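This report goes through one protein chain, starting with its overall make-up and moving on to single residues. Keep the structure in view while reading.

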Amino acid sequence: MNGWVSYDTLISVGGGLVGSSFNSDISESYALVEVSAYIAGGFIGVSIGDQINDCWAGGIIDGSQVSGGFVGLLDSGTLKNCYAIGKV
């Protein structure tokens with residue numbers, strides 16, 4: 001995924017590939033984007049219980065309250081062989 005993600009609502013979740021994800025299996029994917037949101041992640045905005053393998057994210061991440069180069073907010077789950085490059 002290449003592009004730009006922006007949200008203008010008061011409380012928003014933005015991710016380069018996925019905004020919010022719950023108990024998903026994601027592998028061999030990438031996002032090269034600019035993300036601007038209340039909670040922002042280069043790959044996923046909010047991840048709960050996900051299994052994420054062999055993925056990467058790059059770009060400019062601007063979370064007005066919470067920011068992460070790869071995941072904005074992570075609650076459980078597993079990240080394996082994942083990385084982020086860029087500006088947070």
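## Overall make-up

From the N terminus on, the elements of the protein chain run β-β-β-β-β-β-β-β-β-β-β. The tally for the secondary structure is eleven strands and zero helices. The model is a predicted one.

The protein chain has 88 residues, of which 36% count as buried. Among its contacts with a separation of 6 or more, 74% are between residues 24 or more positions apart.

## A sheet of three strands

Three strands form an open sheet, and their order is β3-β6-β9 with parallel pairing. At the edges are β3 (18-22) and β9 (71-75), each of which pairs on one side only. On average, neighbouring strands of this sheet are turned by 5° against each other, direction ignored. In general, the strands of a sheet pair through backbone hydrogen bonds, either parallel or antiparallel.

How many bridges join β3 to strand β6? There are four, and β6 covers residues 44-48. Within this pairing, Phe22 stands opposite Ile48 in β6.

## Ser21 in strand β3

Ser21 lies in strand β3. Is Ser21 buried or exposed? Its relative accessibility is 5%, so Ser21 counts as buried, because the limit for buried is under 20%.

The side chain of Ser21 makes a polar contact with the side chain of Asp50, at 3.0 Å. Leaving aside neighbours within four places in sequence, Ser21 is also in contact with other residues, including Ile26, Ile44, Val46, Ser47 and Ile48.

## Nonpolar cores

The largest nonpolar core has nine residues: Ile26, Ala31, Phe43, Ile44, Ile52, Cys55, Ala57, Phe70 and Val71. A second, separate core has five residues, among them Val33, Val35, Ala37 and Ile61. In soluble globular proteins, nonpolar side chains tend to be buried together.

Ile26 belongs to the largest core. Apart from neighbours within four places in sequence, Ile26 is in contact with Ser21, Phe43, Ile44, Gln51, Ile52, Asn53 and Cys55.

How many disulfides does the count give? The count comes to zero. Cys55 is in no disulfide, and the nearest cysteine sulfur to its own is that of Cys82, 4.9 Å away. A disulfide needs two cysteine sulfur atoms within 2.5 Å, so the 4.9 Å between the sulfur of Cys82 and that of Cys55 is too far for a bond.

With a relative accessible area of 1%, Cys55 is buried. Cys82 has a relative accessibility of 24% and therefore counts as partly exposed.

## Gly68 in strand β8

Gly68 is found in strand β8, which covers residues 56-68. At 10% relative accessibility, Gly68 counts as buried.

Which residues does Gly68 touch, not counting residues up to four places away in sequence? They are Ala40, Gly41, Gly42, Ile61 and Val88. One of these, Ile61, is also part of the second core. The C-alpha atoms of Gly68 and Ile39 are separated by 8.5 Å, although these residues are 29 residues apart along the chain.

Key
Residues numbered from 1 in each chain as written. Predicted model: local features only at pLDDT ≥ 70, side-chain atom pairs only at ≥ 80, totals over all residues. Heavy atoms only, no water. Helix = DSSP H or I, 4+ residues; strand = E, 2+ residues; numbered from the N terminus. Buried < 20%, exposed > 50% of the residue type's maximum accessible area, 1.4 Å probe, protein only. Contact = heavy atoms within 4.5 Å. Pairing = 2+ DSSP bridges. Axes fitted to C-alpha atoms, helices over the stretch in contact; angles between N-to-C directions. Polar contact = N/O pair within 3.5 Å; in protein donor to acceptor, adjacent residues only side chain to side chain. Core = buried A, V, L, I, M, F, W, Y, C linked by side-chain atoms within 4.5 Å.
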